[in-house]
Amino acid sequence: MTVALPSARAWLPGLAGIVVAGAAGYAFSRLRTPIPWMLGPLTTVAVLRVLGLPIDAPPGARQFGQWVIGTSLGLYFTPQVVRDVAGWWPLLVAGALFALAGGYGGGLVLARLAGIDRTTAVFASVPGGASEMAVLGERYGARVDRVAAAQSLRIMIVVIVVPFAYALLGAHGDDRYVPGVTGVDGTGLALLLAATFAGGAAAQWLRVPNAFILGALAVAIPLTAADVHLSAMPAPLSNAGQCFLGCMLGARFHPDFVRGAPRFIAAVAATVL
């Protein structure tokens, strides 16, 4: 039995997508926009996809981006952060319940504004990953294409609006929370990445949603909380993770996205805002 490998032509859209994403990330970084390596690829790839250009995200872009970002975030969970989070658990639970309630409420509003069934509207509105919510929605009879489109549009709006709002308001923290280690060590970085990749692979095998970001966090957080500091995350690698994720999110948009359901898109944008 032979296994057919993808032809070189099949890889071209993904290669073109990540090249465009990288150029957009660099351009946005030069313009000093918020989160340039995520925002640049997302918006640029989305616009080019809607215009009909044959570009896509490369295979594994989502897993790679989540793995790198999950590892990077885990390095911030120093003992001080863990103590603070433990003291704030009532607020965190309240925030999670508020997000779910807002999602369900927004879903009911979306159903009325867009003229769609409530099941599709709720799964399109509750915060979650586009693919995960689409899978869950399909299980309960929602329209998968609408759910995936709404979730992708929601993420795009949030990623664009929130960072710019903070930048325009001049809002920022007091920089108390920094990674547990600031120096990059080659051997330590290799060990850290291997450990967090194993965590992501295990989470995916267990069918955990957003497996590579949660699996990486599940490994990196305990290490950092225990003051085991193998290495910092190099800025180019962190930027690459954001770039791949932005490219993947932008690739969810299709040429018929705007033309196909203008009322639905307008209703999603209104409820998200």
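**Setting up.** I noted that this is a predicted model, where local features need pLDDT of at least 70 and side-chain atom pairs count only at pLDDT 80 or more, while totals for chains, interfaces and linings use all residues. Residues are numbered from 1 along each chain as its sequence is written, and side-chain values use heavy atoms, with hydrogens and water left out.

**Entry 1: the cavity.** I searched the whole structure and found one cavity of 30 Å³ or more. On a 1 Å grid over the protein atoms alone, a cavity is a set of points where a 1.4 Å probe fits but cannot get out, and lining residues have an atom within 4 Å of a point. The volume of the largest cavity is about 60 Å³ (the space filled by probe spheres set on the points, which are joined across faces, edges and corners). It has 10 lining residues, and L75, L192, T224, V228 and L230 are the closest to its centre. I sorted the lining by class and got seven nonpolar, three polar and no charged residues. For this, Ala, Val, Leu, Ile, Met, Phe, Trp, Tyr, Cys and Pro count as nonpolar, Asp, Glu, Lys and Arg as charged, and the others, Gly among them, as polar.

Which helix gives the most to this lining? I found that helix 10 (residues 211–225) does, with three residues. Helices are DSSP runs (H or I, at least four residues), numbered from the N terminus.

**Entry 2: helix 3 and helix 10.** I stayed with helix 10 and saw that helix 3 (residues 61–74) packs on it at an angle of about 20 degrees, the axes being 7 Å apart. Axes are lines fitted to C-alpha atoms over the stretch in contact, and angles run from 0 to 180 degrees between N-to-C directions. So helix 3 is roughly parallel to helix 10 (angles under 35 degrees count as such).

**Entry 3: helix 6 and helix 8.** Helix 6 (residues 118–125) and helix 8 (residues 144–169) have axes 8 Å apart and an angle of about 30 degrees. That makes helix 6 roughly parallel to helix 8. I listed F123 of helix 6 and R154 of helix 8 among the contact residues, which divide into four nonpolar, three polar and two charged.

**Entry 4: helix 8 and helix 13.** Here the angle is about 45 degrees, with the axes of helix 8 and helix 13 (residues 262–272) 10 Å apart. That makes helix 8 oblique to helix 13. Residues including L153 and I157 in helix 8 meet residues including F264 and V268 in helix 13. I got nine nonpolar, no polar and two charged residues in this contact.

Technical notes. On a 1 Å grid over the protein atoms alone, a cavity is a set of points where a 1.4 Å probe fits but cannot get out, and a pocket is an open set with protein on both sides within 12 Å along at least five of seven lines; lining residues have an atom within 4 Å of a point. Helices (H or I, at least four residues) and strands (E, at least two) are DSSP runs, numbered from the N terminus. Angles under 35 degrees count as roughly parallel, over 145 as roughly antiparallel, 65 to 115 as roughly perpendicular and the rest as oblique. Contact means heavy atoms within 4.5 Å.
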